[in-house]
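Q: I'm new to this one. Can you walk me through a few features?

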Amino acid sequence: MAGLLALSRTIDRINEFIGRWISWLILLAILVSAGNAVIRKAFDISSNAWLELQWYLFGAAFMLAAAYTLKQNDHIRIDIVYGMFSRRAQHWIDLLGHLFFLMPFVVLMVIYFVPYVSLSFHSGEMSTNAGGLIVWPAKAILLVGFFLLALQGVSEIIKKIAIMRGDMDDPNPFISAHDQAKLEAEALAEEAKALAGEVRS
């Protein structure tokens, strides 16, 4: 198990590094969008390439951060039923969900996208819009995103098994939405008290 946990930690580090840095693409997409809008309004000049670059940047941020989001356990989950089970039952739900839903989907996507990207690259596929960009980088981003998500899926499966075996602590203890809201309200109340104390002094 130690070797598998070492592999899991390596995958986690890779996706954490990518996830943290890829968030800058959102800022870049905003700057491109704002610059394009200003130039279009001020000089009546525009290009489909700038519009498509915005889509590429946003798509890259979304796809390449998906694995990091899974690592952080931040994907949207409806926990009304999930929260009724014991933590061990929740681990089983997560493990079976990763094995039978997540992994088949992402592996299928990787298998599908390899020839899809290869064909686009070798054909030099271009956008159908006048003055648009080459298409294969956008398709390659999809492939890389699903590949990273597949790797993170492997890491999550390893960690779930290790947690259930007692080989590691739970890195993401479950907190229901109600309890989370209560904790946040208590933290805000403490901050307000501290601020009021500073004002009085």
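**Helices, a patch and a histidine**

Q: Where does Leu31 sit?
A: Leu31 lies in helix H2. Keep in mind that this is a predicted model.

Q: Is Leu31 buried or exposed?
A: Leu31 is exposed, because its relative accessibility is 52% and the cut-off for exposed is over 50%.

Q: Which residues make the nonpolar surface patch with Leu31?
A: Phe17, Trp21, Trp24, Leu27 and Leu28 make the patch together with Leu31, and its area is about 710 Å².

Q: Which helix gives the most to that patch?
A: H2 does, with 4 residues. Helix H1 (2-22) and helix H2 (24-43) each supply at least two.

Q: Change of topic: His91. Which helix is it in, and is it buried or exposed?
A: His91 is in helix H6, which covers residues 87-123. His91 counts as buried because its relative accessibility is 5%, and buried means under 20%.

Q: What does His91 touch?
A: Leaving out residues up to four places away in sequence, His91 touches Lys160, Ile163, Met164 and Asp170. With Lys160 there is also a side-chain polar contact of 3.1 Å.

Q: And helix H7, how many residues does it have?
A: H7 runs over residues 136-165 and has 30 residues.

Q: What is its reach from the first C-alpha to the last?
A: H7 reaches 44 Å, close to the 44 Å expected at 1.5 Å a residue.

Q: What follows H7?
A: Gly166 follows H7, and the phi of Gly166 is positive, near 85°.

Notes. Residues are numbered from 1 along each chain as its sequence is written. This is a predicted model: local features need pLDDT of at least 70, side-chain atom pairs count only at pLDDT 80 or more; totals for chains, interfaces and linings use all residues. Side-chain values use heavy atoms; hydrogens and water are left out. The expected span of a helix is 1.5 Å times one less than its number of residues. Patches are made of residues with over 30% relative accessible area and no salt bridge: like charges are joined within 9 Å, nonpolar side chains (Val, Leu, Ile, Met, Phe, Trp, Tyr) within 5 Å. Accessible areas come from the Shrake-Rupley method with a 1.4 Å probe; for residues, only the protein chains shown count as cover. A salt bridge is a side-chain nitrogen of Lys or Arg within 4 Å of a carboxyl oxygen of Asp or Glu. Buried means under 20% relative accessible area, exposed over 50%, partly exposed in between (1.4 Å probe, protein chains only). A polar contact is a pair of N or O atoms within 3.5 Å; within protein, one must be able to donate a hydrogen and the other to accept it, and residues adjacent in sequence count only if both atoms are side-chain atoms. Contact means heavy atoms within 4.5 Å.
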